[in-house]
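Hi everyone, thanks for coming. Today I'd like to walk you through the chain-to-chain contacts in one model. Let me put it up on the screen.

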Amino acid sequence: MDNLDLKQKIGVVVGGSLSSGLDIRLGSDYSIENLYVGDGITILGREKRFFGIISDIQLQSSDSSLRSFPPDSSDIFVTSILSGTSAFTILKISLQLAIPIENLSDDFEKLGVNESTFGPATTIPPHFSPVYRATNKDYIDIFGNEDAIHGWIGTPKGRSKDEIQINLDLEGLIKRSNGVFGKTGTGKTFLTRVLLSEIIKKDLGVNLIFDMHRDYSDVVYDESGKRISSLKQLFPSKVEVMSLGKSHDKGQIRPDAEIMISYNDLEVQDIEILGETLNLTSAGLLATHSLERFYGEKWLAKFLNMEPSEDGTNTNSLASAAKSTGQLYTVLHTLWRRLEILKKFEFLQDNPAEESIKRIFAALQRGKNVILDFGTHQSNETAYILVTTLITRRIYESWAEQNRQLIITIEEAHKFLNSEVASQTIFGTIAREMRKWKVTLLIVDQRPSGIDPEVLSQLGTKFIHQLEDNRDIDSILAGSSRDLKSVVSTLSPRQQALVIGHALPMPVVIDVRSNDTLTNFINPQKTDEDIQNIQNDNKDIFG
Amino acid sequence: MNNYKPIAEIIESSTKSFVAQCYELYQAPKLGTFVQTRDDPSIVGVVYNVFTEPLDPSRRPIARGPFQNTQEKLYEDNPHLSLLFRTEVEVFILGYIDNSKKYKYESPLLPAKIHMGVSLLTKEEIVSFTENINFLELLIEGISTISEEIFSITIRTIASYRQDPEQFIFDSGKQLAGSFSHDQQKLILLLRKLGRGPING
Amino acid sequence: MPFDFELITEKLQKAVKSIKSNTNSFNQRVLKLIDIYQTTELGFVEQKRTEGKHNWISAKFLDENSIYYEANKLPSDYRVIAVDGSHIDVDRHSPIKCVVLNIGTVIFTYGSEPQAILTNSPYTFIGDSEINIFDSSTTSRSPLQGNLMGVKRAVMELTNLADTLEQYADGIPTLALIDGSLILWSILGEQEFVIKELLQDQFLEQLNRIKNLAHQNVILASYLSYPDTSDVINALRICICNENCSNKNPCTEGCVLVNGIRDRDLFIKFLPDNARSALFESTSNVIEKYYNKGNEISFYYLRIFDEIARIELPSWVSNDPNLLQLSHSLIIDQCEKGMGYPVSIMESHEQAVINTNDRENFKMLLDRLLAEQGVNYNTSQKDRSKKFRWV
């Protein structure tokens with residue numbers, strides 16, 4: 001009796017609604033401390049079986065006088081009788097799925113679920129329907145097994161990882177843009193690494209990853225000191241690491257290529273997106289338009305090479321530029337000084353030797369996943385924004401005829417997708433236009449309230465780690481998921497996420513799969529020989 | 001019909017309760033004791049009031065003064081006194097034993113007859129009668145008649161006869177909680193009384 | 001009609017006012033009388049009494065003048081048997097003539113084996129033959145109702161007492177107590193055949209039966225509380241008044257002195273608590289005429305609980321010093337147990353009483369039986385008008 005183990009009946013339906021959640025009265029002998037928000041629940045209605053998650057837990061009493069005059073807590077006899085009878089627990093359940101019960105028989109195996117028969121819950125079970133904790137089999141039935149298009153991403157919160165795996169529909173996932181969110185330190189990178197390695201492993205698409213903090217291109221160590229292999233180490237033949245600029249300090253990485261960018265590649269909108277980062281004035285931003293109009297394609301190189309002199313006779317002076325473009329000298333001067341920082345980027349050159357962007361494009365076209373490592377500029381916001389925007393735009397423009405799905409991973413997404421710039425940047429375009437060209441985003445961010453709401457609403461699947469700021473929680477749950485607020489605020493601070501969206505039949509809270517379980521083969525049942533082979537491979541590559 | 005010696009005789013009778021006069025003055029079953037009538041069907045109830053009154057209601061006892069002899073001597077010196085009073089018990093009905101010797105936890109449809117004898121239940125019979133928690137139904141309904149204190153004394157007395165006294169009191173408390181959801185403060189009062197534990201003897 | 005209080009109030013007020021002013025003089029006179037009682041010689045009183053032709057009843061002094069006695073110790077075991085009666089009178093208008101008499105009897109045993117028995121027995125007199133006393137030589141008859149019923153009741157009480165005594169007397173001191181008097185005052189005025197039947201044949205017969213138990217330590221006595229009697233005062237009066245004194249013609253010394261004073265007024269001041277007075281003998285006409293030799297009635301006054309009671313005894317009790325002093329101490333114990341009144345008389349009264357409910361039930365029983373037999377109940381108009389007070 002796997003599906004409906006009667007020992008685990010926890011209560012009955014006593015009220016509630018589809019929109020604000022069902023009310024379940026917890027049975028008087030079931031300990032409230034065994035349950036938590038986010039746990040999976042099944043309800044046995046008369047004709048349907050329902051699935052949902054606990055979205056809130058409340059304590060209530062049948063008589064308000066218990067709140068004013070509660071019994072003495074040291075009077076164990078009285079309190080133990082009252083709790084569960086006059087004072088009881090109500091669980092709020094967010095209903096998600098329903099499946100008709102084909103055969104009402106005692107053979108509970110027949111009450112199993114398969115994918116073709118369940119759908120979203122559009123009605124609710126009647127009063128007093130019994131409620132059970134979702135069993136392992138329930139999870140397997142709903143989320144399916146790992147296969148060519150489904151990847152294991154984690155275990156339901158509170159369950160044993162040896163018993164249940166939550167498998168994501170990766171194919172469906174990458175057809176839309178998605179987001180990984182959470183406060184700093186909650187494990188966004190870990191989850192992203194899982195998603196990327198599964199996509200790569202199953203060859204479902206190609207990834208272009210802008211690795212701002214060298215999280216994916218190099219080995220990292222988790223909290224317990226365990227060594228986590230990089231994507232390159234896991235998939236040496238499928239991943240190319242390209243580094244920005246000359247190789248100075250690359251750590252353990254031996255990049256496959258070095259990326260240089262020409263000034264001429266930069267357009268006005270690339271500068272605009274840097275407005276906040278570089279503290280450009282609005283006047284200055286307007287001036288860039290004039291500069292481009294006047295000086296053409298190579299305006300930036302030219303502008304940066306000008307002399308900051310007021311001498312109008314000097315054709316290379318800012319003063320003469322001011323006159324030519326009709327801008328104020330002071331504006332141009334400020335702009336020039338702020339943009340000077342670009343000159344420090346050694347990867348930014350007038351005439352670079354290679355057409356790096358073409359290089360990237362070629363690799364992607366061949367089906368290689370590209371990780372762009374930022375070298376010495378890692379964690380440099382200006383460099384990150386500049387390079388990411390430029391390269392993305394170029395690749396996107398050229399990806400029209402491609403058949404492969406391209407997934408672009410960006411971090412600090414609110415820099416690229418905040419309300420002010422979302423309508424202008426390439427990222428906003430990609431997010432909105434979705435399936436037009438086979439390019440989607442995987443955005444990683446810790447401030448979802450900083451992202452344009454329309455963009456958020458376009459995301460197919462959201463992976464939400466712990467968030468504290470109410471604005472962040474509200475913005476990420478806007479829409480039909482508002483009743484899951486408590487679920488988000490009770491997430492564990494490390495590597496636990498609420499996953500909701502198209503890639504799953506119903507929302508679920510998962511403990512993210514540990515990164516040291518990432519493998520480069522599909523079959524999780526390794527033989528000793530397999531293990532030996534892998535170890536040999538690794539040794540060959542890395543020494 | 002049982003063969004136990006009758007200790008009292010019914011002098012008032014209804015389907016909810018009855019009053020029995022004890023054969024011996026002051027020899028009455030204590031509060032919370034279980035008794036049954038000596039006929040078929042035998043009606044089972046619990047003693048909720050014990051009182052002694054003059055046979056002639058118009059003759060009220062008058063205090064004889066603090067310098068009278070001790071209690072015992074008073075009755076010896078005035079032997080007619082024990083003839084002028086009677087001790088009675090009021091019994092609240094909890095059910096009856098039907099033709100097939102099964103316990104029915106309901107009101108009998110007809111009251112017991114006047115002058116019918118009343119005898120005690122043995123400890124085993126009390127344990128057997130209270131085995132099924134449903135016996136509490138009429139008792140809980142009757143709290144307004146028998147008082148909270150008697151209810152608690154009854155439960156605690158039964159508990160002392162059982163193998164599992166604490167569990168019995170607990171289960172009774174849970175049943176009570178279900179019936180008193182409208183009046184939590186009264187419930188808490190009742191539970192505190194129950195919490196005093198089994199009564200011995 | 002509603003009671004007109006105004007008319008009576010005035011008279012009451014006057015009377016109440018005079019009580020206070022009279023009390024002082026009253027007390028003075030009582031003290032004077034006590035003085036006379038104490039100083040007058042016993043012989044002198046008797047002499048004057050036998051000589052004189054005074055037309056009032058006065059007691060015979062049996063004891064040294066003005067002596068009194070304290071109570072003796074109680075015996076360890078003793079018994080009291082008391083009787084009392086109550087009746088439902090004949091309903092004149094009923095086609096059935098009947099009287100119901102209820103006699104209550106109590107037997108209290110004290111000491112090493114205390115016991116109490118409370119009983120009552122009803123007696124019915126139904127129909128002409130039972131309801132009436134018949135004169136055997138003429139056609140006269142007297143119905144047992146009113147005063148005569150009271151006499152019959154006294155007879156039945158005594159009969160019951162005799163029956164019970166015969167059953168229980170076993171040698172331990174047994175007090176046989178009746179309420180009221182052993183002297184059947186109320187028979188005076190009845191016809192001779194009635195007196196013969198009730199008093200001489202029946203009443204005295206029972207007295208004799210009890211007398212026969214004297215050797216079993218049986219003490220017959222009657223208890224009269226707050227007595228109105230004045231035979232002792234009257235005896236003193238012999239010494240201070242003259243023969244011709246009457247209500248119409250009082251003398252200035254004696255009559256004025258004794259005016260309104262009764263025996264109890266004298267003895268309440270004279271006797272200490274729990275003490276009894278000297279013994280006297282009653283010279284009532286009833287006794288002189290009808291009570292035979294050996295059934296003289298003596299009496300003494302007893303002060304108990306701040307009141308005077310009159311205890312009457314047949315001579316065979318008063319002549320026996322042992323029985324006499326037992327009567328004293330046993331009666332005192334009974335009064336203490338009864339908080340001022342003999343508890344055995346109290347309980348026998350309770351046993352005898354026919355309460356209102358029972359009276360009503362008896363009437364209803366009668367009516368129903370008559371109705372069942374189809375007998376016409378011819379009640380009189382007067383009766384009907386009393387029953388249904390209509391406008």
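Let's start with chains B and A: 16 residues of chain B are in contact with 15 residues of chain A, where contact means heavy atoms within 4.5 Å. Before I go on, a word on conventions: this is a predicted model, so to speak, where local features need pLDDT of at least 70 and side-chain atom pairs count only at pLDDT 80 or more, while totals for chains, interfaces and linings use all residues. Residues are numbered from 1 along each chain as its sequence is written, chains are lettered from A and ligands numbered from 1 in the order in which they are written, and side-chain values use heavy atoms, with hydrogens and water left out.

How much area do chain B and chain A bury between them? About 1200 Å², with 65% of it on carbon and sulfur atoms; buried area here is the accessible area (1.4 Å probe) that two parts lose on being put together, summed over both.

There is one salt bridge between chain B and chain A, that is, a side-chain nitrogen of Lys or Arg within 4 Å of a carboxyl oxygen of Asp or Glu. The side chains that form a salt bridge are those of Arg192(B) and Asp75(A), at 3.8 Å from N to O. On the chain B side, two elements give two or more residues each: helix H7 (165-179) and helix H8 (184-194). Helices are DSSP runs of H or I with at least four residues, strands are runs of E with at least two, and both are numbered from the N terminus. H8(B) gives the most, with seven residues.

Now over to chains C and B. Here the contact takes 14 residues from chain C and twelve from chain B, and the buried area is about 1000 Å², of which carbon and sulfur atoms give 62%. The rule finds two salt bridges across this interface. One pair meeting in a salt bridge is Arg59(B) and Glu350(C), at 3.5 Å from N to O. Strand E4 (98-110), strand E5 (115-126) and helix H12 (343-352) of chain C each supply at least two residues to the side that touches chain B.

Last, the cysteines. The count is zero disulfides over all chains, with a disulfide taken as a pair of cysteine sulfur atoms within 2.5 Å. Cys22(B) counts as buried because its relative accessibility is 4%, where buried means under 20% relative accessible area, exposed over 50% and partly exposed in between (1.4 Å probe, protein chains only). Cys335(C) is buried too, at 0%.
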